[in-house]
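Hi everyone, thanks for coming.

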Amino acid sequence: MQVLLPMRPRFAELLTRQWLKPLSLRAFSSSSDYSNQSRGGLPRFFSEVIPSSKGGVVRVQDDEFWHMTKVLRLSTDDRVELFNGKGGLVEGCIQKIDRNGLDFLALEDPKLVLPDTTKWHVFAAFGTLKGGRADWLVEKCAELGASSVTPLLTERSPSISENRVDRLQRVILAATKQCQRLHEMILNPPTKIDGLLPLLAQSKLSFLAAAEATPVVSVLASSRKESSGLIIVGPEGDFTEREVAMMMGAGATAVGLGPLRLRVETATMALLATLMLWSDAQQLSDV
């Protein structure tokens with residue numbers, strides 16, 4: 001039977017405070033100065049290019065054009081925001097609409113928001129997941145604030161199709177818009193365990209989800225203060241003993257997520273959410 005060790009009082013207090021906190025966590029927004037759409041803010045859309053100054057005009061086409069005009073029924077002079085996924089944000093209005101796109105007019109100079117200091121990088125073996133489960137995993141990683149997601153190729157999950165990678169990019173963009181991120185989560189090319197080992201050796205904190213390992217909350221209670229690191233989750237059927245030995249030998253720490261067997265996407269969300277809240281608690285304790 002797995003025994004849960006008591007949390008240190010200070011960490012337990014901070015973790016509880018985070019669960020009771022409103023959902024405006026720092027993981028979801030780079031700055032409180034920017035309004036949330038759910039609270040009446042302007043509709044926000046993605047554009048790789050945004051105006052460089054007030055009065056500048058950029059062309060919006062394809063999916064974002066369709067969403068603005070056909071889904072939301074926006075029209076000339078309606079005010080919207082554009083963001084570029086790299087921290088750039090500008091408020092403006094629709095200047096002109098034609099059959100192929102629309103012109104966006106900047107009503108102010110663009111703002112540049114620096115990335116959040118919390119950076120957790122997810123390596124998950126989800127290449128063989130079916131029925132939209134990989135989409136769900138990547139979507140929720142974006143919503144929870146992961147900096148990047150990398151498909152991990154293992155002995156029991158050896159590949160991922162290119163068509164799926166293209167689809168996941170679209171999932172990330174939709175999730176980025178929905179949760180009001182200004183910095184788009186990066187989807188890295190698939191990597192094998194051998195490619196992960198040097199990153200483990202360089203990272204100060206790396207957590208490997210493993211059955212029967214010490215509970216993650218107990219591990220965090222005695223971990224050094226860090227707001228970045230690696231999260232590693234295995235495939236259905238788990239990592240092989242050889243793979244676990246290689247990763248732990250390179251510096252990964254095995255952590256348990258409870259007595260039940262979890263799906264790949266469930267384990268990823270449980271570990272990422274815990275670490276995001278832990279990082280946020282550390283920042284509060286330093287204030």
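Let's start with what helix H2 packs against: its buried residues contact strands S1 (44–46), S2 (57–60), S3 (79–83), S4 (88–97) and S5 (102–106), plus helix H4 (162–178). Contact means heavy atoms within 4.5 Å. Helices (H or I, at least four residues) and strands (E, at least two) are DSSP runs, numbered from the N terminus.

A word on the source: this is a predicted model, where local features need pLDDT of at least 70 and side-chain atom pairs count only at pLDDT 80 or more, while totals for chains, interfaces and linings use all residues. Residues are numbered from 1 along each chain as its sequence is written, and side-chain values use heavy atoms, leaving out hydrogens and water.

So which residues of H2 (62–71) are buried? They are Glu-64, Phe-65, Met-68 and Thr-69. Seen down the axis of H2, they fall within an arc of 110 degrees (taken from the directions from the helix axis to the C-beta atoms), so they line one face of the helix. Buried means under 20% relative accessible area, exposed over 50%, and partly exposed in between, with a 1.4 Å probe and protein chains only.

On the other side of H2, Asp-62, Asp-63 and Trp-66 are exposed; for Trp-66 the relative accessible area is 53%. Just after H2, Arg-73 takes a positive phi of about 60 degrees.

Now the loop between strand S8 (148–153) and H4, where we find Thr-154. Is Thr-154 buried or exposed? Buried, at 6% relative accessibility. Leaving aside residues up to four places away in sequence, Thr-154 touches Ala-125, Ile-193, Pro-235, Phe-239 and Glu-243.
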